[in-house]
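Subject: Structure handover

Hi,

Here is the structure I promised you. Please open it and keep it beside this email as you read.

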Amino acid sequence: MIQILEDLKKTFTEKMGPGGEILCFFAPGRVNLIGEHTDYNGGHVFPCALTVGTYGVARKRTDSKLRFYSANFDELGVIESDLHELTYKKEDDWANYVKGVIWAFKEHGMVLDQGIDFACVGNIPNKSGLSSSASLEILTCKVIADIFKFDVDGVLASKLGQYAENHFVGVNCGIMDQFAIAMGKAGHAVFLDTATLEYEYAPIDLAGYRIVIGNTNKVRRLEDSKYNERRSQCEAALADIQTLMPVKALGELTLDEFDLVAYAIKDPVNVRRARHAVSENQRTLRAVKALQNKDLTTFGRLMNASHVSLRDDYEVTGIELDTLVETAWQQEGVLGARMTGAGFGGCSVSIVREDCVDAFIENVGRVYKERIGYAADFYVVEIGDGPKQL
């Protein structure tokens with residue numbers, strides 16, 4: 001961490017020039033253990049923050065100019081904007097997420113009176129499904145709140161990050177990613193009811209097991225994918241169900257209740273989409289209870305069932321994720337494995353016995369490369385804290 005920051009501060013001075021009070025920040029990435037595509041359906045999720053994430057350095061300017069640089073996108077150079085030009089521009093690429101958060105602050109009555117110079121670097125693989133974009137959003141929230149002395153707690157930061165992504169960037173994401181990052185706590189996952197934002201921290205005691213992330217290295221963009229389509233399909237299914245019963249979200253239904261009203265859903269594809277949203281919420285409730293009872297076997301089985309539902313009913317996995325997960329299921333010492341994140345590429349998450357991790361990575365990696373034609377990357381991760389000024 002120290003070396004990353006030192007390198008970033010040196011680069012910041014090279015790109016932005018010397019002088020001013022330079023402050024340093026960090027925001028983590030996240031992995032969701034179970035509860036996928038439930039957050040915009042009023043269901044429960046069970047993510048945790050990671051110790052990898054996005055580092056940022058920033059200083060206040062004396063004018064209204066905004067200057068952004070990312071070491072992950074060095075070829076784009078310094079991207080310039082202005083407090084009076086907070087509009088989405090495709091050519092601004094990653095910087096739209098930072099501009100979007102500044103815009104969200106303004107929309108919520110917190111107006112910057114001066115611009116900033118901002119540089120960042122992340123050790124989360126870009127577009128991997130570990131929420132590099134939400135990490136950048138929450139990092140920006142922390143930067144802006146601390147530099148300009150706005151009173152922003154973790155819950156508000158998560159709302160601002162989601163608002164920016166929904167209304168500025170144009171991705172209709174739920175609030176899980178931003179909330180998990182803004183409210184991260186070392187050694188704990190966040191059990192969140194996305195309908196009410198009621199949450200509790202659940203200690204993660206894996207008793208000799210480790211969390212292993214498998215990155216497909218298939219690059220995808222949520223705004224160009226079928227993510228928004230899945231959300232609209234769930235909304236259409238909900239509207240059909242509401243002709244029979246007064247529910248506000250699919251997450252309110254049990255599976256038995258869903259089976260009684262599913263006939264009202266006009267499109268058979270939307271029946272499957274809604275079935276996933278309902279069943280995944282129920283799996284998440286059961287998984288958290290299993291973890292509380294130290295029943296890791298049941299937790300793992302529910303992870304497996306989650307992937308099957310995401311593959312068959314929600315159709316967001318694809319050959320890359322299916323290869324990682326289905327190969328993981330065949331390995332010794334694996335309690336459970338599933339895709340994590342939005343899908344369409346990205347990452348898998350597996351719970352692997354500590355003495356089997358090396359063999360797991362070697363075996364799954366070999367099969368993946370043989371079948372897909374290029375290598376996957378693997379990370380043995382730790383559960384970390386939320387954003388902080390360093």
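Below is what was found, from the whole chain down to single residues.

First, the ground rules. This is a predicted model, where local features need pLDDT of at least 70, side-chain atom pairs count only at pLDDT 80 or more, and totals for chains, interfaces and linings use all residues. Residues are numbered from 1 along each chain as its sequence is written, and side-chain values use heavy atoms, with hydrogens and water left out.

**The whole chain**

The protein chain has 11 helices and 13 strands. Both are DSSP runs, numbered from the N terminus: helices are H or I with at least four residues, strands are E with at least two. The radius of gyration is 21 Å, close to the 21 Å that the globule rule gives for 390 residues, so the chain is as compact as a globular protein of that length. That radius is taken over C-alpha atoms, and the rule is 2.2 Å times the number of residues to the power 0.38. The C-alpha trace spans about 60 × 50 × 40 Å along its principal axes.

Of the 390 residues, 59% are buried. Buried means under 20% relative accessible area, exposed means over 50%, and partly exposed lies in between (1.4 Å probe, protein chains only). Now the contacts, meaning heavy atoms within 4.5 Å. Among those with a separation of 6 or more, 72% join residues 24 or more positions apart.

Next, charge. There are 42 positive and 55 negative side chains, and the centres of the two sets lie 1 Å apart. Lys and Arg count as positive, Asp and Glu as negative; His and the chain ends are not counted. Each charge is placed at NZ of Lys, CZ of Arg, CG of Asp or CD of Glu.

**Strand 6**

Where does strand 6 sit? Its residues are 116-122, and seven of the seven are buried, so the strand is largely enclosed by the rest of the structure. Ile 116, Phe 118, Cys 120 and Gly 122 point one way. Asp 117, Ala 119 and Val 121 point the other way.

Strands of a sheet pair through backbone hydrogen bonds, either parallel or antiparallel. Here, two strands pair if DSSP finds at least two bridges between them. Strand 6 shows both kinds of pairing. Strand 3 (residues 47-60) runs antiparallel to strand 6, with seven bridges. In that pair, Ala 58 stands opposite Phe 118. Strand 4 (residues 65-70) runs parallel to strand 6, with four bridges. There, Arg 67 stands opposite Asp 117.

Look next at the open sheet with strand order 2-7-8 and antiparallel pairing. Strand 2 (44-45) and strand 8 (198-203) are its edges, each pairing on one side only. Two bridges join strand 2 to strand 7 (residues 188-193). His 44 stands opposite Asp 193 in strand 7.

Start with Glu 137, in helix 3 (residues 132-148). Its relative accessibility is 0%, so Glu 137 counts as buried. Beyond its neighbours within four places in sequence, Glu 137 is in contact with Tyr 97, Val 101, Gly 161, Glu 165 and Gln 178.

Then try Met 183, in the loop between helix 5 (176-182) and strand 7. Met 183 is buried too, because its relative accessibility is 10%. Leaving out residues up to four places away in sequence, Met 183 touches Gly 154, Val 155, Val 190, Tyr 199 and Tyr 201. Gly 386 is 203 residues away along the chain, yet the C-alpha atoms of Met 183 and Gly 386 are separated by 5.5 Å.

Best wishes
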